[in-house]
Each structure stands twice: as structure tokens, then as C-alpha cells.
Amino acid sequence: MVSLAEALARELNIVITVLTSLISLVILTYVIWDMHRNGSGLKSKYFEDKLFVLLCIMNLILIGYGILILFYNDVKDNSYLSRFMLYSPDIIYLLYALIWMLFLDYYVNRDMERIKGHVITAVGPFILLIFFEIVIITVEYNMSRGRMNWAFQDTFDYQWLVIPYLIIEAVLTLSYIIGGFVIIRDHHRKRMEPVFLRLDFFVVSWLLGVIIGETFFSGALGLFASVSILITYIPLKMRKKYLDDESRAYTEEALDFILKYIEREKIQEGCAFIVKAPMHKDQLYNIIKLNIPEGALVIHMNNGDFLIFTNIRSKLAIEVFERTIQDAGINYDPPTSIHVMNFRRLAHESMNDFVDRVLKDERENI
């Protein structure tokens, strides 16, 4: 017989789960609606936006599962389907972590082959995890029906099925979350450019959800996952203001943001280039993108020119870059004359003063 304390705890868990699910639903509805409203939802031409919507959908599934399991177990506590449903959220949450990593990878690298490689690599561990899940569920179900003696735990110790399952799940989930950090870290090392993401906020919120969900109530998983999505989405909206929708270069409005980023990260940008040509901005940006030095920052100015910051300082490297860009314009179809101006940052000159001088010279040479 269920005690009063157990009944109250059960009712409290239901109330908290439903309440947190409703809050999560409101958060996710707002994010999905806002993405659709500003053109960055499923109909977006950018694959990373679609991955982010998929992340939201996986979160919705998690929330739905949390409520379904809560009420379904009242009806059929020991059924095979009920036990399967208890383990299914593990796979869903693992998929959530994988999609998070895929989103980060494509966001910074935009390489579909890398995404395909991650997916292919993930297939094997997922199959192994599902195999362990099916075996564990079968053993537990048969023991609950008396078809397998509970002494089976002493002779065979079926926990050796559960332990590998939990280890694989934990290792995979952590590898996807850590993998996202590594992807962003490597991107910063190569490109030295700001990324509109707060990974620390996402991971802290996600870990809180896991800890509270496993120790107190399962509804925390969906709630904290929703909060982490909202925290991620807010800075992502800055892309509309700071990234050109066609060329994906930074806009002139991002200049102050980038200067603050350079100061905060103590990046030693020693040279700037102004690149201009009588061609479409996408064409010119593609030429620049294929030839810029590692770690360069590219800004599309409102007048159509491109402002490039690099950390190269030697006169030879500067001349090589200029010739490379100009040769690319000559070899383009149709051939185009690309004009390049270079500016060296003076000793002890602040980035703000340096940029003011560059832009002043640019205006004087139009």
C-alpha cells in the first residue's frame, strides 16, 4: 500500500513536471515563432538554422516524453512498453547532444562532409546503446513477470548490462558536449573571429538540468534544456544585425562589436586592407575568403568595400596578399580590376585610433 508521504511526493512530482513542461513549451514556442518570423526557421537557406530548429523539436519531444512517462506508468507500471519508454529519453537526450555538436560544427565550418562524417561515426555507438537498452528491458521485464529468478542477479549480475549502458551513454553525451567546445576553440585559434554563441551558459544550464533531473524530478531536463536553447538563441539573433545575409561577412554595424572583441581577446591586429572592385559583393567576398591569411577578420562596409584586419606585419606578406587578391581578380571570369589599400598599425596605436585612420584614408581616396 502506498503511504501518504509517497502519494504526496508523487502528486508534487506531477505538479512540478507539468509546470516546468508548460514553461519549457512557452520558451520553445517563442524561439521557434521568432525564428520563423525573421526568416531563420526551417525555411531558412542556412543549414545551421534548420539544425537549431531540430534542436528545439528534440527538446519538445523530451518534454512530451516526461509527461507521457509520468502518467503512463500509473496505468501499466510493469509492461514491456512502459519500461521501454523509461529508457527512451536517454536516446533522445543523446540525440539532442549530438545535434548540438552538429549545429556548432556547421555554424563555424559550413562543411556538409564534416557533418556526414560525424553522423556516420555516431551510428555504431547508438546501435550499441540501443542493443544494451533492449537487453536490459527484456531482463527486467522477465524478472518482473517471474520468468527469471531474481537470484539471476547473483549468478549473472545483470547490473553488468546496466553499467556499460550508463557508461556508454555518459561518455557519448560528454563527448558531444566537449566536442562542441573543441570545435569552437579550434575555430577561434584558426580564425580569431567572434562567434555569436555563449557555450558556457549552455553547458551550465544543461548540467544543472541533468543533475536536478536525476536527483529530484525528471521535468528539470526539459526545462533547463529549454533555458539553454533560449540563452543560445538570444546572441544568435545578433547575426541579423552583424552578418550580411548574402555574403555572410560582418557588416559595418558590427565594427564596434569587433573592436571590443579584439580588445577583450587581446588580438594583435597589425595590418588592415581596404579591398574594392566593380563586381557583386558575393563575388568579391568569395575571392577574399579564398585568399585571406589565417585569422583575418572581414567586414563588408556600407559603401560596398571590404575592410580586412589581419595580424600580418611583414612588408613581404602584405605585398603577397595584395598581389594574390589582384591576380584572382584578373583571372576571374570576366576579368576584374581589384583595388587594394593597406594600412599598418603604428606602435602603441589603439585599435580605435587605427580604424579611424583607415576609414578616414578610405573616404579621402574614394
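Two strands are taken to pair if DSSP finds at least two bridges between them. Helices (H or I, at least four residues) and strands (E, at least two) are DSSP runs, numbered from the N terminus. The structure is a predicted model, in which local features need pLDDT of at least 70 and side-chain atom pairs count only at pLDDT 80 or more, while totals for chains, interfaces and linings use all residues. Residues are numbered from 1 along each chain as its sequence is written, and side-chain values use heavy atoms, with hydrogens and water left out.

An open sheet is formed by 5 strands in the order β1-β3-β4-β2-β5, with mixed pairing. Its edge strands are β1 (250-251) and β5 (339-344), each of which pairs on one side only. Strand β2 (residues 271-276) runs antiparallel to β4 and is joined to it by 5 bridges. Within this pair, A272 stands opposite F309 of β4. Strand β3 (residues 297-300) is also antiparallel to β4, with 4 bridges between the two. Here L297 has F309 as its bridge partner in β4, and H300 has F306. A hairpin is formed by β3 and β4, with 5 residues between them, and G304 in the turn has a positive phi of about 100°.

Strand β4 (residues 306-310) is largely enclosed by the rest of the structure, because 5 of its 5 residues are buried (under 20% relative accessible area; exposed is over 50% and partly exposed in between, with a 1.4 Å probe and protein chains only). In a regular strand the side chains alternate between the two faces of the sheet. In β4, F306, I308 and T310 lie on one side and L307 and F309 on the other, and all are buried, so that both faces are covered.

Contact means heavy atoms within 4.5 Å. Axes are lines fitted to C-alpha atoms, for helices over the stretch in contact, and angles run from 0 to 180 degrees between N-to-C directions. Helix α11 (residues 281-291) packs on the sheet and touches β2, β3 and β4, its direction making about 15° with that of β4. Helix α12 (residues 315-330) lies across β2, β4 and β5 and runs at about 160° to β5.

A further helix pair is α10 (residues 255-264) and α13 (residues 351-364), whose axes come within 10 Å and cross at roughly 140°. This makes α10 oblique to α13 (angles under 35 degrees count as roughly parallel, over 145 as roughly antiparallel, 65 to 115 as roughly perpendicular and the rest as oblique). The contact is made by L255, L259, I262 and E263 of α10 with M351, N352, V355 and L359 of α13.

Two single residues complete the description. Y30 is found in helix α1 (residues 4-37) and counts as partly exposed, at 34% relative accessibility. Leaving aside neighbours within four places in sequence, Y30 is in contact with L230 and K237. Y30 and L230 are 200 residues apart in sequence, and their C-alpha atoms are 8.9 Å apart in space. T173, in helix α6 (residues 159-191), is buried, with a relative accessible area of 9%. A polar atom of the T173 side chain lies 2.8 Å from the backbone oxygen of E169.

Technical notes. A polar contact is a pair of N or O atoms within 3.5 Å; within protein, one must be able to donate a hydrogen and the other to accept it, and residues adjacent in sequence count only if both atoms are side-chain atoms.
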